[in-house]
Amino acid sequence: MLSRLSAWPPLLLLALAACTGPAPESSRQPSDRPDRGEPAAAACRDPVVLPQPDPDRPRYRLRITVRPEPGVVAGRLRVAFTPDLATDELVFRLWPNGPRQAGAGTRLEVGRVESEGRRLDARLTDPTTLEVDPGPRLGPGETIEVSLPWRLELPGPSFDRISSDGTSLRLGSFFPLLAWQPGAGWLRDPPSTSLAETSASQVADFDVSLRLPPGVEALATGREVSPGRWRARAVRDFALATGRFDTATATARAPEPVRVIVGVDRAVGESPEPYRNAAVRALESLAARYGPYPWPSFNLAITPGLAHAGIEYPSFVMQGEETLGIVTNHEVAHQWFYSLVGSNPAREPWLDEGLTTYAQSRIDSQIDLFASEPVPVPARNRLGAGMRYWDGHQDVYFQGVYAQGVKALAAVGPPDVIDCGLRRYVSANAYSIADSSDLIRALEAEAAGAGRILGRFGVRS
Ligand SMILES: [Zn+2]
C-alpha cells in the first residue's frame, strides 16, 4: 500500500507470517552466516558485470547538527554538480514540504544559496521545488559548486520517514537534493499525497559530518569512518536514524564482504540478533540471484513508531517494531531495485515496488502467494500507472503495484527465467535510472514475448 514506506495489509501479513515464520533465534549462532533460503537462480547465460558509476556524479558535503534547539535539525550543504546536458538552472527537491509531511508539522527551509562567494538567485516554484539560477548557462561536463544552509523543523512522533520522539529520530529524504537524471534533465514530478514517494535522483558521493547530543548514536547510509563522520560512494540519497541502540554486527558475503550493523532503538526493546541474521541471509540470497551488492556496508535501524513497516535508503534501512520477516526481506531487496538500479516512482512505481516484492518473494518462496492475490478492478491491468493515479486509488495500491507486479512477472515466465532477466536488468542499468523499456529489453532476452505479456497488465515500453 505504500511505496518506500512499505506496509502490508493485515490479512496478507498474517498469511505470509503463517507461511514463513523466521527461523528460531536459538538455531543461529551470533557469528553464523545463515543459509541462503531457496537455491539461487539456475545458472544464467551471462554473468553480472556491474558498470562503473558515472565519474561526474555529484559530490555532496553535508554538515548536520541535531537539536541545536528542540525539534530542529540544522544543516549546511555543499555540492559539486556536473551536468551531462546543458542547463540554465539547478533544481533541488525539498521533499519534507510535501503535503503529507507538511501537514504533520515538518518544514524544510533554505537560506542564501552561494557559489564561489557569489549569491545565486533562488526561488521556490512550489513547496518541494527550489530553482537556482547558476548564472551563465552550464555546459555539459562543466562543474558548479553550490552551498546553502538549511533548517528542518521536525514533526514529533510520526508514522513517516521523518519523525522525532525524544532522542529517536528518523531522517529520510530530509535535505535539499538535486533532482537530475543524466540524459534526461531535471525531475519535477509532484509529491505524492500518500506515504509513497515520488523522489528520484542520480547516484552521488556523500561526506557527512554529524553532530549529535551527548550519548545519542546514529546509523546511516554508508560507513562511519571516524566518530560523527560518514562517507558513502555512488548512492542516490543519504538518510540516518538517531537514538540509543542495542547493536549486532556480522559480515555478509554478497559476494564481497559487507559489514552489517543492526541497531534496535532501546525504546523498541527487541533483540538485534534475529534482524542481523535476516539481513545477512537476504543480502547473500539476493546477491546470488541478482548480482553483487556493491557497497561495503549495510545498516539497519529498528526505530519506534513504525510498526510493521520499513523504508529503504541506499545501504541503509529503517524499520519499525515486529518487522523481522517479510519487511526485512523486502527492504533489503530494495537495495537492488531502487538503490542500485534506480527508477522514477512518480511515473512507474511498479519498477520500484513490484520488482522488489518479486525479489523478496524469491527468498521465501512466496511467488505463488502474491501471484494469487486478487487484484481489485480499479487496479487491474493498471500496473504501469503513475503515482498520480495511485494517489487517487490508495486503497488498492498494494494489490495493484506490489502484488500485481509479482503476478505480471509470474505470467512472463518461471522464476529461474525471471531471475535471469532481472540479473540482466541489474547488469545493464546499475547506478542509473531505468524505465519499463529497460526492463522489457532485459526480460525479452530471456523470455520472448515478455513485453506483450506485461502490456496486458498495463505496462508500456
Ligand atoms: Zn517497498
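This is a predicted model: local features need pLDDT of at least 70, side-chain atom pairs count only at pLDDT 80 or more; totals for chains, interfaces and linings use all residues.
Leaving aside neighbours within four places in sequence, Pro-182 is in contact with Asp-54, Asp-84 and Gln-202, two residues being in contact if their C-beta atoms, placed from the backbone, lie within 7 Å. Residues are numbered from 1 along each chain as its sequence is written. Pro-182 is found in the loop between strand 14 (180-181) and strand 15 (185-186), where helices (H or I, at least four residues) and strands (E, at least two) are DSSP runs, numbered from the N terminus. With 17 other C-beta atoms within 10 Å, Pro-182 is partly exposed; a residue is termed buried if 20 or more other C-beta atoms lie within 10 Å of its own, exposed if 12 or fewer, and partly exposed in between, with C-beta atoms placed from the backbone. The C-alpha atom of Pro-182 is separated by 13 Å from that of Asn-429, which is 247 residues apart from Pro-182 along the chain.

The chain as a whole has 11 helices and 27 strands. For its 461 residues a compact globule would have a radius of gyration near 23 Å, and the 21 Å of the chain agrees with this; the radius is taken over C-alpha atoms, and the globule rule is 2.2 Å times the number of residues to the power 0.38. The C-alpha trace spans about 60 × 45 × 40 Å along its principal axes. Buried residues make up 51% of the 461 residues, and 70% of the contacts with a separation of 6 or more are accounted for by residues 24 or more positions apart.

Strand 16 (residues 204-211) has a covered face, formed by Ala-204, Phe-206, Val-208 and Leu-210, and an uncovered one, formed by Asp-205, Asp-207, Ser-209 and Arg-211. In a regular strand the side chains alternate between the two faces of the sheet. Strand 16 is joined to strand 2 (residues 59-66), with which it runs parallel, by 7 bridges, two strands being paired if DSSP finds at least two bridges between them. Within this pairing, Arg-61 stands opposite Asp-207. Strand 16 is also joined by 5 bridges to strand 19 (residues 229-235), in this case antiparallel, and here Phe-206 stands opposite Ala-232.

Ala-232, which lies in strand 19, is buried, with 25 other C-beta atoms within 10 Å. Beyond its neighbours within four places in sequence, Ala-232 is in contact with Asp-205, Phe-206, Thr-221, Gly-222, Phe-238, Pro-314 and Ser-315. The C-alpha atoms of Ala-232 and Thr-143, 89 residues apart along the chain, are separated by 20 Å.

A further set of 4 strands forms an open sheet in the order 8-9-4-13, with antiparallel pairing. Strand 8 (122-126) and strand 13 (177-178) stand at the edges with a single partner strand each, so one side of each is left without a neighbour in the sheet. Strand 8 pairs with strand 9 (residues 129-132) over 4 bridges in the antiparallel sense, and Arg-123 stands opposite Glu-131 in strand 9.

Strand 23 (residues 297-302) is largely enclosed by the rest of the structure, because 6 of its 6 residues are buried. Ser-297, Asn-299 and Ala-301 point one way from the strand, whereas Phe-298, Leu-300 and Ile-302 point the other way, and all are buried. Strand 22 (residues 257-265) pairs with strand 23 in the parallel sense over 6 bridges, and Gly-263 stands opposite Ala-301. The chain crosses from strand 22 to strand 23 through helix 3 (residues 272-290), and this β-α-β crossover is left-handed; a crossover is right-handed if, with the strands pointing away from the viewer, the path from the first strand over the helix to the second runs clockwise.

Not counting residues up to four places away in sequence, Leu-219 touches Leu-240, Ala-241, Phe-245, Ile-261, Gly-263, Asn-299, Ala-301 and Phe-316.
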